[in-house]
Amino acid sequence: RASFAATQIVGLVVARYGELIEASRRMLSAACTADAVRQSANLQPEPADVSRCEAYFARVLGSAPGQYSVILVTDDQGVARCASQPTAVGMSLADRDIFQKVRAEREFSVGEQIASRLGPNTVIPVALPVVNDGAFRGMCSVGIALKALADFAAGPQTKGAIGTVVIGRDGATIGGDPVTMRRLPMPTRLAASIVGEPARFSDFGQDGQPSEFRLRAIPGSMLFAVTT
């Protein structure tokens with residue numbers, strides 16, 4: 001029964017991750033179609049459009065405090081032209097995987113977790129292309145705060161003795177149930193287990209107690225859900 005419950009919880013974590021990604025896609029879909037945002041996706045946008053865009057982006061992020069990092073729009077060369085954080089304007093994102101992916105695929109895309117250049121947080125970038133008359137004009141993107149994502153995915157659904165933690169490919173803990181965090185093996189041992197990607201493995205936790213763990217990759221990310 002415990003095994004079945006653990007498997008169910010991991011599945012729920014994966015589903016909740018998918019829900020947050022979809023919610024972020026809908027948020028971007030609405031934000032990126034705003035006239036001021038689209039007008040800012042130019043090599044030389046009008047200052048008035050940029051001001052309206054910045055104010056709009058600030059309102060968008062204000063509806064989900066702590067969940068997202070900077071939201072911005074670039075021109076077709078990957079240079080940020082408007083952002084919720086004004087210091088981002090002028091920064092080139094052309095070398096970012098997410099920009100190259102959006103430009104090539106012309107559709108909503110999810111990037112790999114990265115350290116934000118604009119703050120202390122690690123984020124998962126999601127983005128949509130800005131397209132005018134069939135031509136790629138830029139990227140509209142926001143970073144989902146990794147800690148917020150992990151806490152959202154692995155929080156309220158845990159119950160009883162079963163807890164869930166979200167970890168990175170290197171075995172580092174991202175967020176989740178604090179009791180379960182203490183039961184996990186050392187990060188190096190978790191990373192070794194991830195290489196084989198077993199559905200189930202046994203090991204000694206950092207609390208010195210043996211436990212059985214269940215591991216599942218979270219689709220579309222470099223993250224994994226672990227239960228014990």
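**Aromatic pairs.** I looked up aromatic pairs and counted three. The rule I used pairs rings of Phe, Tyr and Trp (its six-membered ring) if their centres lie within 6.5 Å; planes under 30 degrees apart are stacked, over 60 edge-to-face, the rest tilted. This is a predicted model, where local features need pLDDT of at least 70, side-chain atom pairs need 80 or more, and totals for chains, interfaces and linings use all residues. Residues are numbered from 1 along each chain as its sequence is written, and side-chain values use heavy atoms, without hydrogens and water.

**Phe99 and Phe136.** The ring centres are 5.8 Å apart and the planes stand at 65 degrees, so I logged the pair as edge-to-face. Phe99 sits in helix α4 (residues 97-105) and Phe136 in strand β6 (residues 135-145), 37 residues apart. Helices (H or I, at least four residues) and strands (E, at least two) are DSSP runs numbered from the N terminus. Is Phe99 buried or exposed? Phe99 is buried, at 0% relative accessible area. Buried means under 20%, exposed over 50%, partly exposed in between (1.4 Å probe, protein chains only). Phe136 is buried too, at 8%.

**Phe201 and Phe213.** This pair is stacked, 5.3 Å centre to centre with 25 degrees between planes. Phe201 is in β9 (residues 200-204) and Phe213 in β10 (residues 210-217), so the pair ties together parts twelve residues apart in sequence. I found Phe201 buried at 11% and Phe213 buried at 0%.

**Strand β11.** I checked residues 223-227 and found five of the five buried. Four bridges join β11 to β10, antiparallel; strands pair if DSSP finds at least two bridges between them. Ala217 has Phe224 as its bridge partner. β7 (residues 164-168) also pairs with β11, antiparallel, over five bridges.
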